[in-house]
Amino acid sequence: MTSSERDARAIFEAKVQSLVGRRILAVDYWDIHNFGPEPARWDYGDWHHAVTGVQLSTDAGLVTVTWTNTFHPYGVEVFDDPIERHLVLGESGPERIGPDGDSRWASFLDGPVLKAMTWWDRLELGPATLLSTGEVVEPARAVDVPTAIRLDFDADPVWFVAAIPQAPSMEDVFIPGDEIMVVFAPEKIREMGYDDPGFTA
């Protein structure tokens, strides 16, 4: 790992740890514009499909959890600002899709984040893989990519994962991906391939 990679990882981890102690007051999921007659589906029981990202309203301001290419397309990342700063908005979207009504978030709202953790996956790249920095990886080498963040609350943990559920079943998941899944069940996060008990229990 290069010194610039270590610095980027330290900055990333500091942003994740800055969530500890904050109270989550509201949650908003965003997706591309829905041109269909039915509302966009986001609730799959043990997990929610936030697609382009999540905005958390906290007692210390707005936080965005979305996928980015800071380390390599695609990883999950936390930003201390509104989600609109990370989307190209226009008449055709993206747009807020939920959650509304009695969602799994009900037991977490107004509760503080007690602990935050990041899951880093090691990906083999190259040869000739283009990084977000414009650097071409040649010959092949490995990079660490944050693919999931876990936030612990009094109620339970919640995971944010850079992953694409595979239609039509939505049960198979591709990681890392350019969508965000919010996972509430340890069984589901383990089924997605996260196997460290310290991260999934």
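Tutor: Helices (H or I, at least four residues) and strands (E, at least two) are DSSP runs, numbered from the N terminus. This is a predicted model, where local features need pLDDT of at least 70 and side-chain atom pairs pLDDT 80 or more, while totals for chains, interfaces and linings use all residues. Residues are numbered from 1 along each chain as its sequence is written, and side-chain values use heavy atoms, leaving out hydrogens and water.

Student: Where does Met170 lie?

Tutor: Let's start with its backbone: Met170 is not a glycine, yet has a positive phi of about 70°. As for its place, Met170 sits in the loop between β12 and β13.

Student: In which strand is Val51 found?

Tutor: Val51 is another residue with a positive phi, about 60°, although it is not a glycine. Its relative accessibility is 9%, so Val51 counts as buried. Asp31, of strand β1 (residues 24-31), is in contact (heavy atoms within 4.5 Å) with several residues, including Val51. Val51 itself belongs to residues 47-51, strand β2.

Student: How many residues apart in sequence are the parts tied together by Phe12 and Trp120?

Tutor: Rings of Phe, Tyr and Trp (its six-membered ring) pair if their centres lie within 6.5 Å; planes under 30 degrees apart are stacked, over 60 edge-to-face, the rest tilted. The count here comes to 15 aromatic pairs, and Phe12 with Trp120 is an edge-to-face one, at 5.2 Å centre to centre and 70° between the planes. Phe12 lies in helix α1 (residues 3-17) and Trp120 in strand β7 (residues 115-125), so the parts they tie together are apart in sequence by 108 residues.

Student: Which residue lies over the face of Trp120?

Tutor: Trp120 is buried, with a relative accessible area of 15%. A charge sits over a ring if NZ of Lys or CZ of Arg is within 6 Å of the ring centre and within 35 degrees of the ring normal. At 4.0 Å from the ring centre of Trp120, the residue over its face is Arg9.

Methods
Buried means under 20% relative accessible area, exposed over 50%, partly exposed in between (1.4 Å probe, protein chains only). Lists of a residue's contacts leave out its neighbours within four places in sequence.
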